[in-house]
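User: Hi! Could you walk me through this structure? I'd like to chat about how it is put together.

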Amino acid sequence: MAALLGRFCRRSSFPVSGHGFRMLSTTESVCQSGKSMNLYSAINQALHIALETDTRSYVFGEDVGFGGVFRCTTGLAERFGKSRVFNTPLCEQGIVGFGIGLAAMGNRVIAEIQFADYIFPAFDQIVNEAAKFRYRSGNQFNCGGLTIRAPYGAVGHGGHYHSQSPEAFFCHVPGIKVVIPRSPREAKGLLLSSIRDPNPVVFFEPKWLYRQAVEDVPEDDYMIPLSEAEVIREGSDITLVGWGAQLTIMEQACLDAENEGISCELIDLKTLIPWDKEKVETSVRKTGRLLISHEAPVTGGFGAEISATIVERCFLKLEAPVSRVCGLDTPFPLVFEPFYMPTKNKILDAIKSTVNY
């Protein structure tokens with residue numbers, strides 16, 4: 001697992017004039033040295049940097065004061081004080097509503113929703129308040145300093161209330177950004193970019209990878225650009241597009257397909273809204289085929305938006321119908337999770353079916 005994830009971390013960087021951070025390039029492949037850490041530790045380091053570099057930044061949510069259920073906020077309250085890192089009541093609507101007001105006053109706000117499955121009580125605050133705050137005031141006011149963190153996706157035993165992938169709900173909303181990292185290195189850089197972005201961001205973290213994903217992460221302050229997808233594996237026969245934890249599964253399928261003579265190009269979208277249409281289009285024009293995979297149910301999933309867009313842009317270049325390998329249209333199961341998940345074998349079968357169409 002660590003070896004596969006390590007293949008996803010090749011970057012170079014360039015300095016950003018006038019700032020203490022670096023913006024990592026997504027176009028080059030020189031691996032930067034750093035300290036080996038897992039994903040939750042990388043998130044924790046990003047939060048330390050955010051609080052240290054901006055005295056008007058705050059972290060709050062359920063249980064964050066003692067480190068949170070996944071330990072992502074460990075040590076923050078002790079270092080920065082309980083006035084900047086604090087627990088909230090069990091009220092997601094209140095957490096986000098408070099965050100909107102605090103951000104509207106010019107602060108940097110990192111609000112944690114303990115599980116993405118419980119973000120729905122805050123749906124109205126995110127969709128009707130945070131996303132529209134700037135627009136409805138004619139740009140006189142905004143809450144662009146708001147970042148909402150939430151662990152999403154399967155974990156092996158979470159059942160229907162601790163395993164969902166709700167990203168598609170928020171991709172339908174103009175005015176917010178949706179970001180999902182695939183590895184520790186990506187998580188740190190993308191989170192810092194999200195916190196400093198002038199728009200509200202919903203940042204979903206793959207909890208399955210909190211401890212399983214380990215790689216070298218630069219210890220300094222760096223950012224990875226939003227809305228820039230990355231080709232993490234080049235190929236010529238078919239394009240695969242995914243995000244978050246699913247990239248590891250897709251990489252495994254690509255390796256098996258290579259053993260059968262099929263060359264797969266794998267793209268990490270990273271930012272779902274606004275997403276990098278041009279990079280995906282360029283790849284599909286080269287390969288003539290597209291497969292999209294995500295854990296969320298197939299119907300209405302963000303894969304459908306990618307599929308529709310690429311068909312509109314690349315119709316005459318496509319050699320086969322666009323394939324989607326996703327979760328099933330059922331509530332997320334418990335004992336039947338292995339049947340629900342878009343596994344390596346399901347993806348491999350779809351690759352072969354698409355290439356042989």
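Analyst: Happy to; we can go through the domains, the sheets, the interface and a few local details.

User: Great. What kind of model is it, and which cut-offs apply?

Analyst: It is a predicted model, where local features need pLDDT of at least 70, side-chain atom pairs count only at pLDDT 80 or more, and totals for chains, interfaces and linings use all residues. Residues are numbered from 1 along each chain as its sequence is written, and side-chain values use heavy atoms, with hydrogens and water left out.

User: Thanks. How is the protein divided?

Analyst: There is domain 1 (34–218) and domain 2 (230–356); the bounds come from an automatic or database domain assignment. Their C-alpha centres lie 26 Å apart.

User: Let's take the sheets. What is the strand order in the sheet of 7 strands?

Analyst: The order is β5-β4-β6-β7-β9-β8-β15, in an open sheet with mixed pairing. Strands here are DSSP runs of E with at least two residues, helices are runs of H or I with at least four, and both are numbered from the N terminus. Two strands pair if DSSP finds at least two bridges between them.

User: Which strands are at the edges?

Analyst: β5 (85–87) and β15 (271–273), each pairing on one side only. The twist averages 20° from one strand to the next. Axes are lines fitted to C-alpha atoms, for helices over the stretch in contact, and angles run from 0 to 180 degrees between N-to-C directions.

User: How do β6 and β7 run?

Analyst: Strand β6 (residues 108–112) and strand β7 (residues 146–152) run parallel, joined by 4 bridges. A111 stands opposite I148 in β7.

User: Which helix packs on that sheet?

Analyst: That is α2 (residues 39–53), which touches β4 (57–61), β5, β6, β7 and β9 (201–206). Contact means heavy atoms within 4.5 Å. The direction of α2 makes about 135° with that of β4.

User: And what about the sheet of 5 strands?

Analyst: That one is open too, with mixed pairing and the order β12-β14-β13-β16-β17. Its edge strands are β12 (230–233) and β17 (323–327). Neighbouring strands are turned by 25° against each other on average, direction ignored.

User: What packs on it?

Analyst: Helix α9 (residues 246–259) does, touching β12, β13 (238–242), β14 and β16 (290–297). Its direction makes about 170° with that of β14. As for the strands, β12 and β14 (residues 264–268) run antiparallel with 3 bridges, and the bridge partner of R233 in β14 is L266.

User: Switching to the interface: how much area is buried between the domains?

Analyst: About 2000 Å², of which carbon and sulfur atoms give 61%. Buried area is the accessible area (1.4 Å probe) that two parts lose on being put together, summed over both. In contact there are 26 residues of domain 1 and 25 residues of domain 2.

User: How many salt bridges cross the interface?

Analyst: The rule finds 3 there, counting a side-chain nitrogen of Lys or Arg within 4 Å of a carboxyl oxygen of Asp or Glu. On the domain 1 side, α7 (167–171), β8 (177–179) and α8 (184–196) each supply at least two residues that touch domain 2.

User: How many salt bridges does the structure hold?

Analyst: The structure holds 19. One of them joins the side chains of D268 and R182 (2.5 Å, N to O). D268 lies in strand β14 and R182 in the loop between β8 and α8, so this pair ties together parts that are 86 residues apart in sequence. K270 and E186 also meet in a salt bridge, at 3.1 Å, N to O.

User: Last topic, backbone geometry. Which peptide bond is cis?

Analyst: The one from I273 to P274, with omega near -10°. P274 sits in the loop between β15 and α10 (277–287). Also, R71 has a positive phi of about 70° although it is not a glycine; R71 lies in the loop between β4 and α3 (76–80).
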